[in-house]
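Here is a briefing for someone opening this structure for the first time. Look at the sequence and the model, then read on by topic.

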6 protein chains.
Amino acid sequence: MVELPHFDSDGHARMVDVGAKPITHRVAVASGIVKMQPRTLKLIQDRQIQKGDVLELARIAGVMATKRTSDLIPLCHPLRIDSVDIEFQIEDDQTIKIVASVSANERTGVEMEAMTAVTAAGLTIYDMCKSVDRAMQISDVRLDEKSGGKSGQFRRNGLQS
Amino acid sequence: MVELPHFDSDGHARMVDVGAKPITHRVAVASGIVKMQPRTLKLIQDRQIQKGDVLELARIAGVMATKRTSDLIPLCHPLRIDSVDIEFQIEDDQTIKIVASVSANERTGVEMEAMTAVTAAGLTIYDMCKSVDRAMQISDVRLDEKSGGKSGQFRRNGLQS
Amino acid sequence: MVELPHFDSDGHARMVDVGAKPITHRVAVASGIVKMQPRTLKLIQDRQIQKGDVLELARIAGVMATKRTSDLIPLCHPLRIDSVDIEFQIEDDQTIKIVASVSANERTGVEMEAMTAVTAAGLTIYDMCKSVDRAMQISDVRLDEKSGGKSGQFRRNGLQS
Amino acid sequence: MVELPHFDSDGHARMVDVGAKPITHRVAVASGIVKMQPRTLKLIQDRQIQKGDVLELARIAGVMATKRTSDLIPLCHPLRIDSVDIEFQIEDDQTIKIVASVSANERTGVEMEAMTAVTAAGLTIYDMCKSVDRAMQISDVRLDEKSGGKSGQFRRNGLQS
Amino acid sequence: MVELPHFDSDGHARMVDVGAKPITHRVAVASGIVKMQPRTLKLIQDRQIQKGDVLELARIAGVMATKRTSDLIPLCHPLRIDSVDIEFQIEDDQTIKIVASVSANERTGVEMEAMTAVTAAGLTIYDMCKSVDRAMQISDVRLDEKSGGKSGQFRRNGLQS
Amino acid sequence: MVELPHFDSDGHARMVDVGAKPITHRVAVASGIVKMQPRTLKLIQDRQIQKGDVLELARIAGVMATKRTSDLIPLCHPLRIDSVDIEFQIEDDQTIKIVASVSANERTGVEMEAMTAVTAAGLTIYDMCKSVDRAMQISDVRLDEKSGGKSGQFRRNGLQS
């Protein structure tokens, strides 16, 4: 059977031993989108200019959640993150794209940290706007790129799609 | 301007005062999907029968994250959760649906707790399988139903879609 | 000897039993100031208008820390906070005043939550501006008012000082 | 405009990238004072000799909070602390001075860790004694010294004041 | 098969729904022992009188861990604890007994909180003394009594053994 | 007096300075047992085969608690753990042995991490089965082996007893 490294040969969950791996510079970029009604997106944009910036608050939530990744994902290693950067892009009149970039000098990658940053930012946008648009959705949360480590460079096919 | 209750009239973020609201029984159901390659889904299913159950581990992660919701979402109230239930449904040969139901007797709803449960479970599935399928995606994270509180019953249109 | 309730008659620390106290509406207001160079304060004010709002970030940090009070203060009871509101006032050209108001329906007061909110907001202002003004100071962190509970109303003498 | 490194050129908050900085030995010393009524200070001193040591409890709280700094301060890097030492000095009959020294071998400094240690210890003194002296104040929380890193040595002017 | 309530009928873990249970006054008492060399125990006792009180520090650790119980035990409900009291008894020249009493007004019991308090206090004694006695053991961690709730009073047989 | 390194010469608790110690590969193995009624153990074993695996859940709890060790044990250093492995052995018809192995490349050992893993797994077994066997006990929690660091190799006498 194809092995999943988080399980040993008896199928028991474990935190994989990364002790023998070299410390290298790791980068991961993940993204996701939040779909909403156009008037909700307009409200977020208007507020950014005026007062009550939903996206800045979501950004902070994403950065802080990144630091809690190993508390949330059972078999994740606790890491010292070197940087977290979260950007928002207006894709169309009902879509905000969240892009999180995380880096660390570590023995294992920071994919889960980048994915966690995206979801926490997305959940916070939902929380801030749910009173006006309960049907918002978080979608397409995925890893776009990673580098560093033995498995080397990963770049998602059709990254712009 | 349409008001977002998490901001006061000056646009300052705050934890909304729920002190005057009655304690009522609150329920929220949220869901999301994880898209993967058919061979990844088959691996998860094979392991469930044999050894190393990815979904049971994701379930635990989801329950535990539910209890951390107010640590992750900046303006969420800390709540005493009464129940958390997370189910997985195989939608098709490349899709696992996650459904989280949360309840509490509280002054405010548990939507964010249910949404957080879904995303933490989804992130854990990703983490467990990322070595074989880095392109997995978490999508359609949304609120399906809520009840309790002044805003009453919410049920998403086209819930079965 | 005057008794401190957090110690029993043998001088052993304990979490005081509040189980027999009635649930009442508790409010606490605490404040503190951050002293800095006038050019630092001007920088904060300029950025508020333009980009990179130090105070909004400090506000979020204060709200989130309020929820962690019982993790930080050893003998504090874990509480369900109903509201947190943090305001900033420019006192003079080198002083920002932080005022935090917290409320809960609980068996014990929320003074420590309000004090914790003020210090976390102050520490965050320090962190954001320390590269330009390492000598900033946080001072006069104190309880201004409390109400609810057996000890009743407290209002600091010379509150405006 | 003078730049604050925690914001990028668009004014967006981020965790600053420290990945290219060398690991050096970092030390920071911060201090603050707690002002109280002379009889409160006498009570603390009497108890230290007899039973129920307020300051030892505040010390533990300070050490433990130091480890939570990156959970509390939104843009702080998570660090591996090498040492934390917290001392108390009786300044006069109504003033306890708290001095926290923190060190780490890291890519970024430990100023916030030392400042957080001081405030958590101060808040705990307040919590322990608030039933007898609600008007206590925490003041003059500041960085006294730092060393290590590119910005080099910092020593507060008039450190003894 | 005998049912374990933390699993549903499909064997899936869940946080049991306690929402329909009445809020009652819950008490639980748990205990455990730490076995060590007589000279280690003597060292602890000498230090209690003189300086560096291992047991007071273990007590604080126990109280603080009680508040984290639902973070540690996956299916535990988050509760508002009303009181925590931890006592130490010297059983013989190589045995310290730890007794933790916890109470809450809640829909579910506080057994796990009391058990967690005992183990955290025991682990802290171990940590404090491990440099002089690495072979210390924590044993007999168990529930002694509980009251409140539908299952009513429990009192361990041979409680004094 | 024999010194305990967690106290300074004045008897004040501190986080010991490990900054000058070299980073070495650290391993610790700890174990403990859970005593229960034979029918409880049989229930756990039956469920492992069928549905609702108590031990897998306890394993996850143990791994996750390992990452929280420095939050629980006041003077423990925060560490980057490289691996956690938790195994269960059926000792006899009423005894499950828990063995936790932890490793890290750090300046200080991982004994407390291994001990914490064992107790969290034990507490979770208790929590899962307490409705059918309230008298279960956790015993013999101890360090079996450690290696790495100046104090070198430790191996418990009579390890198999």
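Two strands pair if DSSP finds at least two bridges between them. Strands (E, at least two residues) and helices (H or I, at least four) are DSSP runs, numbered from the N terminus. With those terms in hand, Ile138(E) stands opposite Val141(F) in strand 4 of chain F.

This is a predicted model: local features need pLDDT of at least 70, side-chain atom pairs count only at pLDDT 80 or more, and totals for chains, interfaces and linings use all residues. Residues are numbered from 1 along each chain as its sequence is written, while chains are lettered from A and ligands numbered from 1 in the order in which they are written.

**Confidence**

- The model scores ipTM 0.94 and pTM 0.95.
- pLDDT is the predictor's confidence in each residue, from 0 to 100.
- Chain A averages a pLDDT of 92, and 95% of the residues score at least 70.
- Where pLDDT is low, the predicted coordinates should not be read in detail.

**Chain A as a whole**

- Chain A has 4 helices and 5 strands.
- Along the sequence, the pattern of chain A is β-α-α-α-β-β-α-β-β.
- The C-alpha atoms of chain A fill a box of roughly 50 × 30 × 30 Å, taken along the principal axes.
- A residue is buried if 20 or more other C-beta atoms lie within 10 Å of its own, exposed if 12 or fewer, and partly exposed in between; C-beta atoms are placed from the backbone.
- Of the 161 residues of chain A, 61% count as buried.
- Two residues are in contact if their C-beta atoms, placed from the backbone, lie within 7 Å.
- Among contacts in chain A with a separation of 6 or more, 69% are between residues 24 or more positions apart.

**Helix 4**

- Helix 4 of chain A covers residues 111–129.
- The expected span of a helix is 1.5 Å times one less than its number of residues.
- Helix 4 of chain A is mostly covered, with 19 of its 19 residues buried.
- In chain C, helix 4 holds Ile125(C).
- Ile125(C) is buried, with 24 other C-beta atoms within 10 Å.
- Leaving aside residues up to four places away in sequence, Ile125(C) touches Val34(C), Val54(C), Ala58(C) and Ile96(C).
- Ile125(C) and Leu55(C) are 70 residues apart in sequence, yet 6.9 Å apart in space, C-alpha to C-alpha.

**Where chains A and B meet**

- In this interface, 50 residues of chain B are in contact with 51 residues of chain A.
- On the chain B side, the elements giving two or more residues are helix 1 (38–49), helix 2 (54–67), helix 4 (111–129) and strand 4 (137–147).
- Helix 4 of chain B gives the most to that side, with 12 residues.
- The chain B side divides into 29 nonpolar, 10 polar and 11 charged residues.
- Here Ala, Val, Leu, Ile, Met, Phe, Trp, Tyr, Cys and Pro count as nonpolar, Asp, Glu, Lys and Arg as charged, and the others, Gly among them, as polar.
- Strand 4 of chain A and strand 4 of chain B run antiparallel, joined by 2 bridges.
- Val141(A) has Ile138(B) as its bridge partner in strand 4 of chain B.

**Symmetry of A and B**

- Copies are superposed by least squares on the C-alpha atoms of residues with pLDDT of at least 70 in both.
- A rotation of 180 degrees with 0.0 Å of shift along its axis superposes chain B on chain A, with RMSD 0.0 Å.
- The two copies are therefore related as by a two-fold rotation axis.
- The same surface serves both copies, as 100% of the contact residues of chain B recur in chain A.
- Ser139(B) comes closest to the rotation axis among the residues of chain B, at 1.8 Å (C-alpha).

**Strand 4 of chain E**

- Strand 4 of chain E (residues 137–147) runs antiparallel to strand 1 (residues 24–35) of chain E, with 8 bridges.
- Lys35(E) stands opposite Gln137(E) in that pairing.
- Strand 4 of chain E also pairs with strand 4 of chain F in the antiparallel sense, over 2 bridges.
- Strand 5 (residues 154–155) of chain E is joined to strand 4 of chain E by 2 bridges, again antiparallel.
- Glu145(E) has Arg155(E) as its bridge partner in strand 5 of chain E.
- The hairpin of strands 4 and 5 of chain E has 6 residues between the strands, and Gly148(E) takes a positive phi near 95 degrees there.

- Chain B and chain D do not touch; their nearest C-alpha atoms are 9 Å apart.
- Chain C and chain F do not touch; their nearest C-alpha atoms are 9 Å apart.
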